Amino acid sequence: MDLDELYYDAVDLLKELIAVPSFSKEETRAADVLQSYIERQGVAAFREGNNVWCVSPGLDLKKPVILLNSHIDTVKPVAGWTKNPFEAFESDGFLYGLGSNDSGASLVALLHAFLWLTRKTQPFNLIFLASCEEEISGKNGIERVLPILPPIAFAVVGEPTQMHAATAEKGLMVLDCTVRGVSGHAAREEGDNAIYKAMKVVERFRTYEFPDRSETLGKVKMSVTQIQAGTQHNVVPDRCTFVVDVRTTDRYTNKEIFEMIRKAVDCEVEARSFRLNSSGISLLHPFVRRAVMLNRKTFGSPTLSDQALIPYPSVKIGPGDSARSHTADEYIRLNEIREGLELYVKLLDDLIL
C-alpha cells in the first residue's frame, strides 16, 4: 500500500469520526471507532478509558521511543453552523465537520504515518496515542496514559499549525480572585463597595508587566474574563469575585508567577492548578532541524494543547489552521491532510535522535 492509498483511508476515517459526537468526557463511541479501525489494520490496540494507542511491532527498548499524539474530543458546536456539524460534507476540496480541523486531520494523518513508518525497521520505536479530554485539560486524558507507557524520548503533538513547527507553547493558569468590602444600604453613605475596590485590582491585572520576556513566547499575558458581584440593586456589595486567565511562558514556572501575582495585587488569589506549564524544545533538536530543512517555520504558540502535560521534549505540528478551531462550519482542506501525512513521514523516517 502506498501513501496515496493511506491518504484516502485517512480521509475515510476522518469522515467516520466526524459522524460520531465526541465532546470532552463523552468520547466512548469515537474511541470505539478508532480502536476497531486500528485492529482492522492488523495492529494491536490498547485502551485506558477513552484513550487508545498502538505500539511499533517488536518494541525494542534499546531504541528511543517517539510518541505521536493527537486528541479525539471536540468542543460543542457554536451557534452559526449552516451545516450539520456531525455530517462530513465534502465540496470543492474542502471537508466540513466538527473536529475536522481540530484535531481530526492531525489524528488521522499521524495514525497513517505510524502505519507507514512501522512497515520497515526504524532507529526508534513509535507509539501512536489518541487521547481524550484535551479540550478541557482533563485528568483522564493523556495524563492518565503517560505513566503506563514506556519512557518517551520525544513527542509529536498533532494540532492545526499549517504544518509549521511550534517549538514552544504558552502554559495556562486560571485564578479565582476575591475582593471583600462591607455591605450597606445603597441609599445611604454606608459600606465599602467591593465592586469599586475590585475595579482597581482589575486595572492592576490589565497593566501589570512581568520583568522577563521570553524570546519565543513573548510576555506573560493576563486577561480578566469573568466577574460577579452583588445580590440586589439596593445593597452595597461586600464581595466581588473574578476570574483571570494567565498565559505563562518559559521564563517562569506557574508557581513563580502565582507568587509574583499574590504580592502585586490587593485581593485574595487562588490558582485552580499549576499543572499546565509552558513548554519548549531546542532548535538544534534533530526533528526541528529536519523541519527547517523542509522549509517549515518554527514559532511559539499562544494556544494550549496536551503539550503542556508532556514532560519531555515535544513539537506541536499538524495540518489545518488554528484560526478555524472552535468556529462555525469548521473545515479542513483535503490537500492539507495529504500534505500532513507526507510531511510527517518525511520528518520522521529514519530520524536519528
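## Close-up views of a predicted model

By the rule used here (a side-chain nitrogen of Lys or Arg within 4 Å of a carboxyl oxygen of Asp or Glu), the count comes to 19 salt bridges. This is a predicted model, in which local features need pLDDT of at least 70 and side-chain atom pairs count only at pLDDT 80 or more, while totals for chains, interfaces and linings use all residues. Residues are numbered from 1 along each chain as its sequence is written, and side-chain values use heavy atoms, leaving out hydrogens and water.

**View 1. A salt bridge joins E48 and R144.** The side chains of these two residues meet at 3.1 Å, N to O. The pair links distant parts of the chain, 96 residues apart: E48 sits in strand β1 (residues 46-48) and R144 in helix α4 (residues 142-145). Helices (H or I, at least four residues) and strands (E, at least two) are DSSP runs, numbered from the N terminus.

**View 2. Four strands form an open sheet in the order β11-β13-β9-β14, with antiparallel pairing.** Two strands pair if DSSP finds at least two bridges between them. β11 (221-229) and β14 (268-271) stand at the edges with a single partner strand each, so one side of each has no neighbour in the sheet. From one strand to the next, the twist averages 25°; angles run from 0 to 180 degrees between N-to-C directions, and axes are lines fitted to C-alpha atoms, for helices over the stretch in contact.

**View 3. Strand β9 (residues 171-180) and β14 run antiparallel, joined by four bridges.** Here L175 has A271 of β14 as its bridge partner. Helix α6 (residues 254-264) packs on the sheet, touching β9, β11, β13 and β14, and its direction makes about 25° with that of β9. Contact means heavy atoms within 4.5 Å.

**View 4. Helices α1 (residues 3-18) and α8 (residues 334-348) cross at roughly 125°, their axes coming within 10 Å.** The two are therefore oblique to each other (angles under 35 degrees count as roughly parallel, over 145 as roughly antiparallel, 65 to 115 as roughly perpendicular and the rest as oblique). Their contact has eleven nonpolar, no polar and three charged residues. Ala, Val, Leu, Ile, Met, Phe, Trp, Tyr, Cys and Pro count as nonpolar, Asp, Glu, Lys and Arg as charged, and the others, Gly among them, as polar.

**View 5. Helices α2 (residues 28-40) and α3 (residues 100-117) pack at about 20°, with axes 12 Å apart.** That angle makes α2 roughly parallel to α3. L34, Y37 and I38 of α2 meet L107, L111 and H112 of α3.
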